[in-house]
Amino acid sequence: MRQQVESFDMYTDQQNMLQEVLHGLAQPQKVLQAKYFYDQTGSELFEQITQQPEYYLTRTEIDILSEYQSAIADCIGPVHTLIEYGSGSSRKIKSLLSSLHQLEQYMPIDISKDFLIQSAHQLSKDYPSLRIKAVCGDYSAPLLLPVEEKQKKVIFFPGSTIGNFHPQEAADFLQQSSQLLEKGDGFLIGIDTKKEASVLHAAYNDQAGITAQFNLNILRHINGSLNGTFDVDLFEDVAFYNEQQGRIEMHLKSRIDQIVTIADQRFTFKKDETIHTENSYKYSQEEFQWLAKQNGFTPIRCFTDPQHHFSVHYLEKTRV
Ligand SMILES: C[S@@+](CC[C@H](N)C(=O)[O-])C[C@H]1O[C@@H](n2cnc3c(N)ncnc32)[C@H](O)[C@@H]1O
């Protein structure tokens with residue numbers, strides 16, 4: 001049988017990671033970008049997070065996708081290529097794969113290369129006639145994707161991962177995505193909603209401590225890839241809901257005064273000083289639709305669960 005998984009490596013620049021990490025740690029509030037959580041271990045830890053009872057996001061989004069699978073397929077109509085940003089295990093795509101009309105190819109895009117390729121081959125076993133083009137790349141910058149022009153495309157971006165961007169970056173990202181699309185193409189996106197702080201707090205502070213391990217993994221990833229000297233036991237996971245900003249913040253707090261070296265550069269940490277590792281912005285239905293409208297998309301329909309804990313929006317590229 002013809003090999004149905006092709007892979008494209010558009011993420012080869014280790015130098016970029018070094019520059020971004022050094023720049024982030026030189027800021028008055030030290031910061032690391034959330035994309036650096038994800039090496040093979042980070043991707044595996046994220047999968048474990050999705051199984052935690054407190055982490056309602058994944059199961060609620062999967063329930064919405066499955067409850068409304070034919071309504072979503074009808075909104076989308078016939079589609080040639082489905083592109084998924086931050087595809088991870090490609091688990092959520094499955095309810096779409098069985099309901100979308102005339103789908104020919106699936107293009108998962110992820111920064112975590114080995115996990116991406118592994119997931120693509122696994123998916124191919126269940127969907128042997130689907131052409132899969134797995135792209136290892138960083139979607140925060142424009143990517144030249146191997147797509148065919150004049151064929152209908154839909155981007156799928158689940159997991160509320162867009163919430164990792166500051167709202168202005170999310171606006172730029174929507175603009176950038178809209179430029180990849182043509183008239184009639186669509187964008188299906190999962191968005192975590194604003195809700196009681198206690199529910200949000202619990203989701204990012206699971207009792208089993210998996211999210212804490214995930215957070216600390218960013219230091220292990222930097223040690224492994226950039227020859228860093230972080231002692232992971234000397235940092236502590238902190239996650240809280242910043243209600244004013246409408247975002248969960250994740251930080252790593254230094255337990256002592258210490259010095260860490262990366263590529264010959266020394267970074268001094270005071271006891272209790274933090275590195276800001278992730279934001280997860282939450283949006284009401286109206287807030288997200290407004291953002292989409294300002295940035296190249298027309299909201300077509302929003303699907304949600306009975307408690308309105310999560311939302312899945314179908315948008316179309318705005319006709320000009
Ligand atoms: C929060 S997880 C979501 C995984 C899966 N889509 C889900 O909804 O369960 C984010 C995924 O996006 C990937 N990712 C994060 N930042 C990325 C970036 N800048 N470019 C490409 N992939 C990225 C990660 O490797 C990870 O698989």
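## Asn227 and its neighbours

Asn227 touches Ile222, Thr261, Ile262 and Ala263, leaving aside residues up to four places away in sequence; contact here means heavy atoms within 4.5 Å. Asn227 sits in the loop between α9 (210-226) and β8 (235-242). Helices (H or I, at least four residues) and strands (E, at least two) are DSSP runs, numbered from the N terminus. With 65% relative accessibility, Asn227 counts as exposed. For such labels, buried means under 20% relative accessible area, exposed over 50%, and partly exposed in between (1.4 Å probe, protein chains only). Asn227 and Leu18 are 209 residues apart in sequence, yet 10.0 Å apart in space, C-alpha to C-alpha.

## About the model

This is a predicted model, in which local features need pLDDT of at least 70 and side-chain atom pairs count only at pLDDT 80 or more, while totals for chains, interfaces and linings use all residues. Residues are numbered from 1 along each chain as its sequence is written, and side-chain values use heavy atoms, with hydrogens and water left out.

## Helix α2 and its partners

Next, take a look at helix α2. Helix α2 (residues 40-50) and helix α6 (residues 113-126) pack at an angle of about 55°, with their axes 7 Å apart. That angle makes α2 oblique to α6. Axes are lines fitted to C-alpha atoms, for helices over the stretch in contact, and angles run from 0 to 180 degrees between N-to-C directions. Angles under 35 degrees count as roughly parallel, over 145 as roughly antiparallel, 65 to 115 as roughly perpendicular and the rest as oblique.

On the α2 side, Gln40, Ser43, Glu44 and Glu47 meet Asp114, Phe115 and Gln118 of α6. By class, this contact of α2 with α6 has one nonpolar, three polar and three charged residues. Ala, Val, Leu, Ile, Met, Phe, Trp, Tyr, Cys and Pro count as nonpolar, Asp, Glu, Lys and Arg as charged, and the others, Gly among them, as polar.

The buried residues of α2 are Gly42, Ser43, Leu45, Glu47, Ile49 and Thr50, and they pack against α3 (56-67), α6 and α9. Ser43 counts as buried because its relative accessibility is 5%. Not counting residues up to four places away in sequence, Ser43 touches Tyr38, Ser112 and Phe115.

## Around the ligand

The ligand is surrounded by 16 residues, and the closest are Gly86, Lys92, Asp110, Asp138 and Tyr139; a residue is near a molecule if one of its heavy atoms lies within 4 Å of it. A nitrogen atom of the ligand is 2.6 Å from a polar backbone atom of Gly86, and a nitrogen atom of the ligand is 3.0 Å from a polar backbone atom of Tyr139. At Asp110, an N or O atom in the side chain is 2.5 Å from an oxygen atom of the ligand.

## Phe157 in strand β6

Phe157 belongs to strand β6 and, at 0% relative accessibility, counts as buried. Its contacts, not counting residues up to four places away in sequence, are Tyr85, Tyr139, Ile162, Phe173, Phe187, Leu188, Ile189 and Gly190. Phe157 and Tyr85 are 72 residues apart in sequence and 5.2 Å apart in space, C-alpha to C-alpha.

## Two loop residues with positive phi

Lys150 has a positive phi of about 65° although it is not a glycine. Lys150 lies in the loop between β5 (131-136) and β6 (153-157) and counts as exposed at 71% relative accessibility.

Asp272, not a glycine, has a positive phi of about 75°. Asp272 is in the loop between β11 (265-269) and β12 (274-281), and its 42% relative accessibility makes it partly exposed.

Note on methods: A polar contact is a pair of N or O atoms within 3.5 Å; within protein, one must be able to donate a hydrogen and the other to accept it, and residues adjacent in sequence count only if both atoms are side-chain atoms.
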